Amino acid sequence: MKIKNVTVAGSGVLGYQIAFQTAFKGFNVTVYDINEEAITKAQAKFEILSKKYQEDLGATPEQLKQTKANLSYSSDLAQATAQADLVIEAVPENLKIKIKFYNDLAEVAPVHTIFATNSSTLIPSQIAEATKRPKQFLALHFANEIGKHNTAEIMGHDHTDPAIFNQIVEFATNIGMIALPLHKEQPGYILNTLLVPLLDAATELLVKEVADAPTIDKTWMVATGAPIGPCGILDIIGITTAYNIIKMTADATKDPLKLKMAAYLQKEFLDKNKLGVGTGEGFYTYPNPAFRAKDFLK
Ligand SMILES: NC(=O)c1ccc[n+]([C@@H]2O[C@H](COP(=O)([O-])OP(=O)(O)OC[C@H]3O[C@@H](n4cnc5c(N)ncnc54)[C@H](O)[C@@H]3O)[C@@H](O)[C@H]2O)c1
């Protein structure tokens with residue numbers, strides 16, 4: 001079976017980006033969300049993303065016209081999935097919501113439909129049973145701003161059919177992603193398994209007052225050749241997200257260092273509304289952060 005019709009469930013921050021990119025690459029895409037209001041909002045996002053694709057990726061008016069023609073919208077799950085070869089799920093990061101969604105989806109989707117979750121922190125085996133078709137279920141994980149940051153991490157669970165897995169690797173490539181297959185389940189996939197400890201370590205150095213943010217970033221950039229250091233990355237991700245991750249671990253483990261790290265981010269950044277690139281200030285000020293200056297590494 002060739003994948004032609006894709007339904008993206010959940011049209012929030014990531015869902016709509018996935019839908020747009022998939023339609024941009026020529027697939028028929030149905031955007032599904034639970035309520036009409038969310039659907040109306042999704043339709044409005046078309047103009048915003050079109051502008052971004054024009055500016056950042058050089059998309060032509062013809063390509064954008066075709067993208068629009070490839071997109072349709074529905075708040076009725078049965079209708080939205082009636083023709084679907086693949087459903088990409090981007091509903092909120094909450095296990096209960098996801099389980100309920102897959103229970104409903106299993107009732108209405110055609111038997112051949114493949115289900116893929118975009119979950120960042122859950123692993124497929126936590127959800128597989130609810131899909132009622134574990135062999136046709138896996139994770140397909142995108143990054144924010146997928147047009148530019150085009151990673152697609154593909155992660156099955158023990159019972160994912162290898163042929164389905166390979167088909168999704170091919171699909172990811174066909175929608176312009178760099179397909180990154182994982183051989184087994186790993187919370188945080190590849191990227192966050194690497195990135196979260198780096199960002200935590202930078203926060204630890206700051207909390208212990210070992211060095212300041214520009215020195216930490218400079219060390220990383222000069223020594224590894226990376227174009228950006230961990231504090232610069234924290235500004236891009238948004239300090240609220242970093243805080244939420246550290247706070248969750250701190251609350252669960254009561255680790256004094258993690259509690260201190262969470263309190264530090266709260267006091268120095270959240271309380272001052274210095275949330276990173278989004279608010280114009282975090283560790284650096286934007287749009288011209290110091291680490292991009294020519295003499296930063298000197
Ligand atoms: N935001 C990110 O940077 C990012 C990056 C990678 C992966 N993800 C993952 O993508 C998923 C979605 O995250 P998001 O940030 O786009 O969330 P979001 O809250 O912005 O969007 C979720 C959308 O799902 C809709 N929704 C809620 N319940 C639903 C249901 N039962 N059926 C259909 N739609 C429903 C909501 O109305 C909303 O539009 C999560 O699993 C998250 O881990 C997010």
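Modeller: T131 has a relative accessibility of 0%, so it counts as buried; that term means under 20% relative accessible area, exposed means over 50%, and partly exposed lies in between, with a 1.4 Å probe and protein chains only. This is a predicted model, in which local features need pLDDT of at least 70 and side-chain atom pairs count only at pLDDT 80 or more, while totals for chains, interfaces and linings use all residues. Residues are numbered from 1 along each chain as its sequence is written, and side-chain values use heavy atoms, with hydrogens and water left out.

T131 belongs to helix α6, residues 128-131. Helices here are DSSP runs of H or I with at least four residues, strands are runs of E with at least two, and both are numbered from the N terminus. Leaving out residues up to four places away in sequence, T131 touches Y102, A106, F115 and F137, where contact means heavy atoms within 4.5 Å.

Next, the ligand. It has 21 residues around it, and L14, D33, E93, K98 and S120 come nearest; a residue is near if one of its heavy atoms lies within 4 Å. A polar side-chain atom of K98 is 2.7 Å from a ligand oxygen. A polar backbone atom of V13 is 3.0 Å from an oxygen of the ligand, and a backbone N or O atom of G12 is 3.5 Å from one. The ligand alone exposes 830 Å², of which the protein buries 76%, by the Shrake-Rupley method with a 1.4 Å probe. Two or more residues of the shell come from each of α1 (13-24), α5 (95-108) and β6 (137-142). The most, three residues, come from α1.

Further along, E145 lies in the loop between β6 and β7 (151-155). E145 is not a glycine, yet its phi is positive, about 60 degrees. Its relative accessibility is 31%, so E145 counts as partly exposed. E209, in the loop between α8 and α9, also has a positive phi, near 55 degrees, and is likewise not a glycine. At 72% relative accessibility, E209 counts as exposed.

Helix α9 covers residues 213-224. Its buried residues are A213, I216, D217 and M221. They cover an arc of only 125 degrees around the axis, so they sit on the same side of α9; the arc is that of the directions from the helix axis to the C-beta atoms. An α-helix has 3.6 residues a turn, so residues three or four places apart point the same way. T219, V222 and A223 are exposed on the other side of α9. The cover over the buried residues of α9 includes α8 and α10 (230-237). G225 follows α9 with a positive phi near 80 degrees.

Helix α12 (residues 256-270) has K258, M261, A262, L265 and F269 buried. Their arc is only 95 degrees, which puts them on the same side of α12. P256, K260 and K267 are exposed on the face turned away from that side. The cover includes α8 (191-207) and α11 (239-253).

In the segment after α12 lies P287, joined to Y286 by a cis peptide bond with omega about 20 degrees.

Note on methods
A polar contact is a pair of N or O atoms within 3.5 Å; within protein, one must be able to donate a hydrogen and the other to accept it, and residues adjacent in sequence count only if both atoms are side-chain atoms. The expected span of a helix is 1.5 Å times one less than its number of residues.
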